[in-house]
Amino acid sequence: MVPFSHWVTFVIAAALLIALPGPSVLFVIGRTLALGRRAGLLSVVGNASGMLVQTTLVALGVGAIVAQSIVVLTVIKFAGAAYLVFLGIQAIRHRGRAAAPVEVGAPRSTMRLLGEGFVVGVTNPKSIIFFVAILPQFIDPRAAPIPLQLAELGLTFVVLALLMDSIWALTAGAARQWFARSPKRLSQLGVAGGVAMIGLGGVLAASGAKN
């Protein structure tokens, strides 16, 4: 187990970092605005599942190898960026569905929404770099096996991200409820959500090219 004082310090640092709007938050907001609150919350769960895979790889030592490989990181970055652009285009193409009554919900299946969020989460190279660079700063080699401590800290981060990103999804969902009073406004909101995801994909691709 991670020493309690180390764990508390990590929780504070992680919460402050997660609170800042980043790629995951923007993705969740874009999905919620485009497809509704249900899609946003499922995207949060899927995204967190992807991060959980990353933390497992870091705990096993694979994350460090990936983080040191420019080629692998570049492939992951552009794959994730391309997928975000694809999701954004899909949201714009199917914006008419967004104009349906909110109570009906998004037409996409639960597994599809979870899967799409998972792909975005597991292909986020910035998370891998964060886990590899930051998690080791909070462990105590004398307290417990290092992989176990890394896994504990990673799981803590994922749970915090799950809770805090859900708040963003619920907030965006409340805003979408207001837009739902007008089918035209709701359709335009779906376009805005799609554009946000396309823009996020472009930003990630551009930042990836500089690393």
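**Terms and the values behind them**

Mentor: Let us begin at the surface of this predicted model, where Val53, Leu57, Leu60, Val62 and Phe118 make a nonpolar patch of about 380 Å².

Trainee: How do you know that leucine 60 counts as exposed?

Mentor: The relative accessibility of leucine 60 is 64%, and exposed means over 50%, so leucine 60 counts as exposed. As for its place in the chain, leucine 60 is in the loop between α3 (37-59) and α4 (62-68).

Trainee: Why is asparagine 47 called buried?

Mentor: Asparagine 47 has a relative accessible area of 2%, and the word buried is kept for values under 20%; asparagine 47 is therefore buried. This residue is in helix α3, and, leaving aside neighbours within four places in sequence, asparagine 47 is in contact with Ser24, Gly117, Phe118, Val120, Gly121 and Asp165.

Trainee: Which residues touch the most other members of the largest nonpolar core?

Mentor: That core has 20 residues, and Phe10, Phe131, Leu135, Leu153 and Phe157 are the ones that touch the most other members. The elements giving two or more residues to this core are α1 (4-19), α3, α8 (125-134) and α9 (146-179), and α9 gives the most, with six residues. Apart from this core lies another, of seven residues, among them Phe27, Leu84, Leu87 and Val120. In soluble globular proteins, nonpolar side chains tend to be buried together.

Trainee: Which residues does phenylalanine 10 touch, not counting residues up to four places away in sequence?

Mentor: Phenylalanine 10 touches Leu135, Phe138, Leu153, Thr156 and Phe157, where a contact requires heavy atoms within 4.5 Å.

Trainee: How many helices and strands are there in the chain, and what pattern does the chain follow?

Mentor: There are 10 helices and zero strands, and, read along the sequence, the pattern is α-α-α-α-α-α-α-α-α-α.

Trainee: Among the contacts with a separation of 6 or more, what percentage joins residues 24 or more positions apart?

Mentor: Residues 24 or more positions apart account for 85% of those contacts in the chain.

Definitions and conventions. Residues are numbered from 1 along each chain as its sequence is written. This is a predicted model: local features need pLDDT of at least 70, side-chain atom pairs count only at pLDDT 80 or more; totals for chains, interfaces and linings use all residues. Side-chain values use heavy atoms; hydrogens and water are left out. Helices (H or I, at least four residues) and strands (E, at least two) are DSSP runs, numbered from the N terminus. Patches are made of residues with over 30% relative accessible area and no salt bridge: like charges are joined within 9 Å, nonpolar side chains (Val, Leu, Ile, Met, Phe, Trp, Tyr) within 5 Å. Accessible areas come from the Shrake-Rupley method with a 1.4 Å probe; for residues, only the protein chains shown count as cover. A salt bridge is a side-chain nitrogen of Lys or Arg within 4 Å of a carboxyl oxygen of Asp or Glu. Buried means under 20% relative accessible area, exposed over 50%, partly exposed in between (1.4 Å probe, protein chains only). A nonpolar core is a set of buried Ala, Val, Leu, Ile, Met, Phe, Trp, Tyr and Cys residues joined through side-chain atoms within 4.5 Å.
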